[in-house]
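Subject: Structure handover

Hello,

Here is the structure for you to look over.

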Amino acid sequence: MTDVIAVSSARPAGVVADAIEGAAAVHRLLPEYEELAERCRLPVTARAAWVRARLEADPTATPWAAVVRDGRGALLAAAVLLEQPGGLVLAGGGDGYRSGVAAVDALAAELLGSTIARRLVRRFARRGSQQVLDLGPLPADARTGAFALGLGATVVPCDPVPLVRRVNGSDVAAYLSHGTRKTLRKARNRLVTDGLEHVVRFTDDADEVAALLPHLEAAYRDRDREHGLPCLLDTPAGLDLWRGRIQHLLAIGSLELATLSVGNRPVAYVAGVRDGRRYGVLEGRFLTAWSRYAPGRLLEAEVLQRVLADDRLDELDWMTGIAPQTLLAANSVDPAVVVRFSTARD
């Protein structure tokens, strides 16, 4: 459990906390929200581009925002939320990706939480229903603790997010297990034996990424179909969300696409995001028909090598805590939590 710091519940003079209703009003808030989120160094999955993709893709959700402003109207804290048929979620994060608390300090975070709590308690009281909501994952930091305090919620640890930090130089081999190194050698040898050449490319060009999208979609669907899993891309809202995330992250210069092609055919991809001195792996997929050559592992190793060789970056972030045992490598973690809120009040 994260440490919850003690803050005053008294609201400073001139500070105003309020809720913003409706999609149009929430969209107008986003440029201001982005400035605050950047100031607070929130992860890219909690920033305006990610939130905008979520708002545009989910027709069943009702968006609203809670805001805290000082006496001059400057934004001190904000959260964008979506009310869905199944409950309430933060518009940032989702699907295992971290959101964050956009607040200049602990007091602003606490006021933000209490603003959300009052609205939720009133709304569920009118419906005559009670619900337990998990908001997150969120960083296990002081702002999250203060937010939970204002919300009257419990901070619950969840799966930490694995990282690869540059601690053993810049050679990728130093970060891989013996078994993984063996897998990569075997994959390269099989390509040579079968007379196949593979090429790895990196691009952040929007037109090039757009041209590759059909290949990415095919690989995304193929993996889920192979494992008998429901596929995000098989619903119109899910496909719009996936495409929207890529397009909005490209528009702000954060997204980079790595592909591994055999001949002229892309058979694996990794979508990465630059986020300060951290490089995040948003997702990676490969065509299962090519699994003999472990194209996903080969490409991930190239991505990690590129990160390790870049002095502007300190670490590779796998971005979710889902299935850490399947990762190429990890030598550290970022703790994560959810904030558990019950609409029932004494």
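Two strands are taken to pair if DSSP finds at least two bridges between them. With 2 bridges, S3 and strand S5 (residues 102-103) pair, in the antiparallel sense. Ala 78 stands opposite Ala 102 in S5. Please keep in mind that this is a predicted model.

**Strand S3**

S3 covers residues 75-84. Of its 10 residues, 9 are buried, so the strand is largely enclosed by the rest of the structure.

S3 also pairs with S2 (residues 62-69), antiparallel, over 8 bridges. Here Val 68 stands opposite Ala 77 in S3. The hairpin of S2 and S3 has 5 residues between the strands. In that hairpin, Gly 73 takes a positive phi near 95°.

S4 (residues 87-90) runs antiparallel to S3 and is joined to it by 4 bridges. Leu 82 has Val 89 in S4 as its bridge partner. S3 and S4 form a hairpin too, with 2 residues between them.

**Largest pocket**

The volume is about 1,100 Å³. The lining has 35 residues. Arg 223, Leu 282, Glu 283, Gly 284 and Arg 285 lie nearest the centre. Two or more lining residues come from each of helix H6 (206-226), helix H7 (236-251), strand S10 (265-275), strand S11 (278-286) and helix H8 (295-308). Which element gives the most to this lining? S11 does, with 6 residues. By residue type, the lining has 20 nonpolar, 6 polar and 9 charged residues.

**Second largest pocket**

This pocket has a volume of about 550 Å³. It is lined by 27 residues. Nearest its centre lie Arg 41, Leu 42, Pro 43, Asp 275 and Arg 278. S10, S11, strand S12 (315-317) and strand S13 (332-342) supply at least two lining residues each. The lining divides into 11 nonpolar, 4 polar and 12 charged residues.

**Cysteines**

How many disulfides does a search of the whole structure find? The count is 0. Is Cys 231 buried or exposed? Cys 231 has 10% relative accessibility, so it counts as buried, the cut-off being under 20%. Cys 158 has a relative accessible area of 26%, so it is partly exposed.

Best wishes

Key
Residues numbered from 1 in each chain as written. Predicted model: local features only at pLDDT ≥ 70, side-chain atom pairs only at ≥ 80, totals over all residues. Heavy atoms only, no water. 1 Å grid on protein atoms, 1.4 Å probe; cavity = no way out; pocket = protein on both sides within 12 Å on 5 of 7 lines; lining within 4 Å. Points joined across faces, edges and corners; volume = space filled by probe spheres on them. Nonpolar A, V, L, I, M, F, W, Y, C, P; charged D, E, K, R; others polar. Disulfide = S-S within 2.5 Å. Buried < 20%, exposed > 50% of the residue type's maximum accessible area, 1.4 Å probe, protein only.
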